[in-house]
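Work through the exercises below with the structure open. Each task is followed by its solution in steps.

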Amino acid sequence: MRIHFITNGVFSTSIAGGDIHFLKMAEGAAAAGYEINYFGGHALAEVVRKLKVPGSVTSTDAQQMPGVDQSSLAGQWTMFGDFFKRYRRTMARLDLIKPDDFVYAVSDYWFDVLPVVRAACRKKMMVLHMEAPTLPEIVRRSRPDVDPARLASIHYWASQEYSLRRFIRCRKRVERQSVRASEPSAPDAPALHVFYLHPAMRSRLQRLGFQEDETTYVSYGLEVKASEAVPEQKKIYDVVWIGRVHRQKGIEDLLATLTYLTRRLQSFRAVFIGNVEEALRPRTEALGLAQNVDFSGFVSEEEKIRLFKASRLFLMPSRHEGSPRVIGEALICGVPVLAYDIPNYRPVFGDYVHYVPPFELNAFQQAAEREVLKMRQGENYLDRLNLKDFKGENSWETTQGKFVAALKKLESNRHPARVRFPDGP
């Protein structure tokens, strides 16, 4: 029982949400007795070695790609070229994937999905992490994650649409061949499975023709056991924030809110987690926030949990998100969350988050002040909610369990192709 993870999108040793997700799925599968192999580059091999995750690596690049400016047109072309080279090397080594193996595309990009489609094995899987922007959203730049050059967004949209359609055609192609066949039987159709990370994606998959038993909703995954192992901390910070420095993340509103809270609250302090100091320290100093904002830099998982637990409120002023893990990380640490009421949040987080109308900065600032004051007085709205259920639904153990259950289902269900015989004697 061997699973091949096609991971051509890992080009740096600084891994993020989707990379963490597939590595956790690999850990869960290995614990269930499956043998793990990754198709990926030198960066992935270094991550596997450092994190000591199970599995071997089939190399798909000659060397690790040098760092590029992903926001520039030249940088995006460089990355595209590197992805294409990895894709070609993967296709050249597909003979390593045997008919009885599993193969899993860890993203919805063509360079991960097309090798899965072309592999000789019958048990094929892919994951849908986030909905790509639509073509009209790209043209009008009406979604905040669309960059000015638009190249990366067009690539994302086209890749996701093409990948999903090619993936389901694995089954439909065999069914069409079976209809035309004159033999009384035909080979089994590929057993397909799609994992999706947001409830709203279910209807799209159904429209494309995926059956109910071919899809599984899984969480983004949370380190629940690790968070419970860290004891409660003295509250040092009023606000905590973690994220990328990108206009999608609402950085301007975040800084404006911190400026507002500094004026309104005595001894106000905030902490930024992650490697954002170079980008944000000059801006906080220019706003007079140098004494109010600490930068943690890159920290371990345990230290990140400690910083969350030492804070009173997590601010989420993002303009667009999928199902962000950082909100869940704050919640399992018992930290209230304030966010703009954008569409993707409520189906995932419900009443665990406090919302204000989208992009009304004054309302966001006033709500942040109220939440901090309540927490200073010991009043936490999460105490009235059932966080135990939330933790259980979103723990890595639950997420890994769903992944392994889908593997066993693919193993046991043959999904025979539907066969019709020609008319006549």
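**Exercise 1.** Find the bridge partner of Phe314 in S12.

Step 1. Phe314 has Val337 as its bridge partner in S12. The model is predicted: local features need pLDDT of at least 70, side-chain atom pairs count only at pLDDT 80 or more, and totals for chains, interfaces and linings use all residues. Numbering runs from 1 along each chain as its sequence is written, and side-chain values use heavy atoms, with hydrogens and water left out.

Step 2. Strand S11 (residues 311–316) pairs with strand S12 (residues 337–340) in the parallel sense over three bridges. Helices (H or I, at least four residues) and strands (E, at least two) are DSSP runs numbered from the N terminus; two strands pair if DSSP finds at least two bridges between them.

Step 3. Helix H10 (residues 277–286) packs on the sheet and touches strand S8 (237–242), strand S9 (270–273) and S10. Contact here means heavy atoms within 4.5 Å. The direction of H10 makes about 170 degrees with that of S10; axes are lines fitted to C-alpha atoms, for helices over the stretch in contact, and angles run from 0 to 180 degrees between N-to-C directions.

**Exercise 2.** Give the strand order of the open sheet of six strands, and state which strands stand at its edges.

Step 1. The order is S10-S9-S8-S11-S12-S13, with parallel pairing.

Step 2. Strand S10 (293–297) and strand S13 (354–356) are at the edges; each has a single partner strand, so one side of each lacks a neighbour in the sheet.

**Exercise 3.** Describe the open sheet of seven strands.

Step 1. Its order is S3-S2-S1-S4-S5-S6-S7, and the pairing is parallel.

Step 2. Strand S3 (56–59) and strand S7 (215–217) each have a single partner strand, so one side of each has no neighbour in the sheet. From one strand to the next, the twist averages 20 degrees.

Step 3. Strand S1 (residues 2–6) pairs with strand S2 (residues 35–40) over five bridges, in the parallel sense. Opposite Phe5 stands Tyr38 in S2.

Step 4. Helix H1 (residues 17–31) packs on this sheet, touching S1, S2 and strand S4 (102–105).

**Exercise 4.** Is Asp145 buried or exposed?

Step 1. Locate Asp145 in the loop between helix H5 (135–140) and helix H6 (151–180).

Step 2. The relative accessible area of Asp145 is 15%. Buried means under 20%, exposed over 50%, and partly exposed in between (1.4 Å probe, protein chains only), so Asp145 is buried.

Step 3. Leaving aside neighbours within four places in sequence, Asp145 is in contact with residues including Met130, His246 and His320.
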